[in-house]
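Work through the exercises below with the model open. Each task is followed by a stepwise solution.

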Amino acid sequence: MDRAVTLEAARVRPEADGTPAIEVRHLAHRYGSRSIYSDLSFSVPEGRVVALLGKNGVGKTTLIRLLMGYLRPVGGACRVLGEPSHNLSPATRARIGLLFEGHLAYDFMSIAEIERFYRPFYPRWRRELYYDLVDRLQLPYDHKIGNMSCGQRSQVVLGLIFAQDPDLMILDDYSMGLDAGYRRLFLDYLKRYLDQGDKTVFVTSHVVQDMESLVDDVIFLQRGGALMQMPLAEFRARFRSFGFRSEGGEPPRPDGVIEGVDLHGREHLLYSFATPERLAEHLARAWPGVRLGEERPMTLEDAFIGLTGKY
Amino acid sequence: MTARIARWSLLLLTVFLLAVWLPRAKDLLFEYRFGKTDLFYSPVLERFVYKELLGEGHQFVYRDQDGQDYGREAFEALIPFIYYKNMELWGKLPLELAGQRFDKAAIQGERLVLQLDPDELPDHRPRIQLFPLLEANPGRARLRFPEDIMRPGERLGFIGSDANRLDPELTRSFSEAMTEAGFRFPVRTTFGRVSILKPFDAGYFLVDDDGRLFHLKRVDSEPVVTPVPLPEGLVVRHVKVTENKRGEFLGLLLARDGRLFLLGQEDYALTPLPLPDYDPDRMALKILFNPLNRTAIYSDRTDVFAVAMDRDFRPIDRYQREMAMARPRLVDRTWDALLPFSLTLQDPNSRYLALDLRLHGPSALVGLLLALLPAYWLLRRRGLHGLAPIPSLLFVAVTGFYGLIALLLFPPERNLQPQRATHRTAGAPPLGSVVDGGH
Amino acid sequence: MLRAMFLKEWLKLRWALLGLLLVHVAMLAYLFLSVRHQFQVEHSEMIWYWSFELRRLLYDQVMLLPALTGAVTAVAQFGPEMVGGRFRLSLHLPVRGDLLVWSWVAVGAGVGAVLAVLDAAGLYGIIALFFPREAAASAVLTALPWLLGGWVAYFGTTLVLLEPAMRQRVVYLMLGLAFLGLLYLQRGYQEYDRILPALAALSLLFVPAVILPAHRYRHRS
């Protein structure tokens, strides 16, 4: 990606010392002849909470599977905690907490059994964190995970990850199947846990709104493998939305300064990282028929859609 | 690393199973009626004659050893003692041959067929070492099984079949009788014919710890034990007991060194049979008796041999021929050229299953070369260059199409490295062991 | 760690194991009754004659039981791992993946071995009630290839279940069946006595083999 924004963001972001928690370089992957991305590069410094955002079908799941080590990249490198993600040593795996889509867990185990199962594998096991979370469910310890609701299971799974005390967490779509209450609960516990510091989190979610209070950085993945990474605060500060009218001529299209155009709503909207002055200047030159209106306030979800489009 | 071992294990397993099952499938598709050549000594011509199946179906030739063809009826008239019932039907009895006359009774009185097949040999078939010792003098027409069974071992045990318990009295009396006759326990081997469908019961022949042979019978519920004198140095391998009405011979005795003897019924006299090239481990043997001659005919899957003898087992003539059906057909030759070897489990000469590797010989080089080309192409397509495809190619070079199929089923992992190198030349950090990343 | 692994295998296996145990005991009981029935309706010396000389197997009802047991054990162990891709959970544990899979099959094979010993002892005991001990020993020797069938069926099913790609699953299925097909060729007793060591040695190739589908599962290559 050679967009100015990305370069700028890269300059602004302070690189942590040592190797980044996740480092993706020139990553290429394809299924058969269908290429998902041919040259993807980004890194996640230690201690950051990073959200991977993108619409369906851009290869988010593939990227997560590559990072978790369940796919071997066709080209390029994908390193997690300094090791190739598809060939992690057991010691490194112990430092990574994975949350699989759908809160995957051993259904045939009970609350107590699953804790007993995982405990011996992790030297830093923090049993109290697990039971702290699970006790709130007020279920007997011999309750089978297979008999739990999705929300209850998410608590158990989160509790297990906490108890593992990992340095890096990769959370794949934690919101799937959770109602608003359990989603909020999940986030609350996660945030509280992260407040202890020093944890790196790589998270995907369909509920973009949740990211607002959770993450430090966002990575937008777009179809064809284009990628944009920046601190969330910077994104929120610089990404703007304006109403506009077209007076004759064709409506504006994304062109590098204009990031997105939304003609679906009552009011036509235009999205850009540029300051209002620079945008006005650009429009006058490139799209003279466009009359810029007021700047519109956006939620994170609005901004996400503005950047990635509705389709 | 373990993934590589895993793959090679599967390759070996696949080749093993293919080498067993593909030949079985080929047999299923192409096996034919294997008519062995019927070879006889004609007392009329004093030459050998044979009946042989040609090709598939019912196309027989009737021929003598000089290549003279006969019609079926004429052929049967050449061996009238075999087809004496037809001779009778065609009004050709009594026969006049060699200046003698033979009526039906004379022919019947002399007729006997003794047989010994490889799968009857004791080391060619498992046998639970328990034998019913029949009453040799039942006092009635039919033989019947006793309600006890003999267990040859450190002594001669007898176990009652109803209670499944050792009979101490019977055990004691028979064991003592054996010892008194000079038998030294334990019993090494036991030979006999377990059946009640025979004209009389000859009991069992037992080999003692010193290798000596004894004959045991149960007569009027009492043991009758007779030592069988053996020539110096003869080690008994098998005694084929064939109780028959003719009364001259009790059966055949095979020595460890391959010599075969007829065992006299009254005096246990051993009559040596001169059988050149006879291999009891893979040849079926028949000895045909008729009023004028004795003929020994023995054959494996390819050749049939015959020795004609006079009444005193002195050889008169011998003959050998390759059976028409044993000549390899096109499908067999093609098969042997395509595949380097076959594995069989079942041996027609033994009841024991055994892994038998048959190498197909030099013609199999054709198949090996044919298999190597697609194997090389496949390996190149998987991105293996330089020395990397060598082990797989060697594997196919030894196992041919078996190995190629195995390679197609379990191809090596794609090597992704060189492909990347063409895309980009610098800036990529080293990958882990992409080709063979174990866990 | 080992205890934790055993815990999981035990949790997966316990009900299947109970079921299998019942089936095995029921099968042995049936075998006992059917042999006993034979001796009630026929004369004992005739049954002995059929068994020793005519090589009739009075106990071949149990022929496929070990293979069934192997398949059921594998399904009980690996079915829950495969549903919903739970195998990924195990592969992320900080243990070498191959050792993990081997520890699983060690548990499965151990369970199979216990049941095989039960079968062999039961068979020996039942036959020894009605026949001299030689026949009982012969029955166990005759049943050995069938017990090996349990091992082959277990590993064949394991390969099929661990494998992520459909095409390859079919290959493993054929492989397992092709091997199984070699273990039921008997026409009488003890015909496998000489070949069994070779077949058992070849069946050991299944032990390293189970790593390949697990490896492919991990890398989807």
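**Exercise 1. Domains of chain A**

Task: find how many residues of domain 1 of chain A are in contact with domain 2 of chain A.

Solution. Nine residues of domain 1 of chain A are in contact with six residues of domain 2 of chain A. Contact means that the C-beta atoms of two residues, placed from the backbone, lie within 7 Å. The domain 1 side divides into four nonpolar, three polar and two charged residues. Here Ala, Val, Leu, Ile, Met, Phe, Trp, Tyr, Cys and Pro count as nonpolar, Asp, Glu, Lys and Arg as charged, and the others, Gly among them, as polar. Now place the bounds. Domain 1 of chain A covers 46–66 + 90–234, and domain 2 covers 239–308. These bounds come from an automatic or database domain assignment. The C-alpha centres of the two domains of chain A lie 36 Å apart.

A note on conventions. This is a predicted model: local features need pLDDT of at least 70, side-chain atom pairs count only at pLDDT 80 or more, and totals for chains, interfaces and linings use all residues. Residues are numbered from 1 along each chain as its sequence is written, while chains are lettered from A and ligands numbered from 1 in the order in which they are written.

**Exercise 2. Overall form of chains A and B**

Solution. Take chain A. Its secondary structure comes to ten helices and 14 strands. Helices (H or I, at least four residues) and strands (E, at least two) are DSSP runs, numbered from the N terminus. The C-alpha trace of chain A spans about 70 × 40 × 40 Å along its principal axes.

Take chain B. It has nine helices and 23 strands. The C-alpha atoms of chain B fill a box of roughly 105 × 65 × 40 Å along the principal axes.

Next, burial. In chain A, 44% of the 311 residues count as buried. In chain B, buried residues make up 34% of the 439. A residue is buried if 20 or more other C-beta atoms lie within 10 Å of its own, exposed if 12 or fewer, and partly exposed in between, with C-beta atoms placed from the backbone.

**Exercise 3. A sheet in chain B**

Task: give the strand order of the five-stranded open sheet in chain B and identify its edges.

Solution. The order is β6-β18-β19-β20-β21 of chain B, with antiparallel pairing. Two strands pair if DSSP finds at least two bridges between them. β6 (112–116) and β21 (315–322) of chain B each have a single partner strand, so one side of each is left without a neighbour in the sheet. The twist averages 15 degrees from one strand to the next. Inside the sheet, β19 (294–299) and β20 (303–309) of chain B pair over six bridges. R294(B) has M309(B) as its bridge partner in β20(B).

V113(B) sits in strand β6 of chain B. V113(B) is exposed, with 11 other C-beta atoms within 10 Å. Leaving out residues up to four places away in sequence, V113(B) touches K286(B) and L288(B).

**Exercise 4. Backbone exceptions**

Solution. Most residues other than glycine have a negative phi, and most peptide bonds are trans. P94(B) lies in the loop between α3 (84–89) and β4 (95–97) of chain B. H26(A) is in strand β1 (22–31) of chain A. H26(A) is buried, with 20 other C-beta atoms within 10 Å.

Conventions:
Axes are lines fitted to C-alpha atoms, for helices over the stretch in contact, and angles run from 0 to 180 degrees between N-to-C directions.
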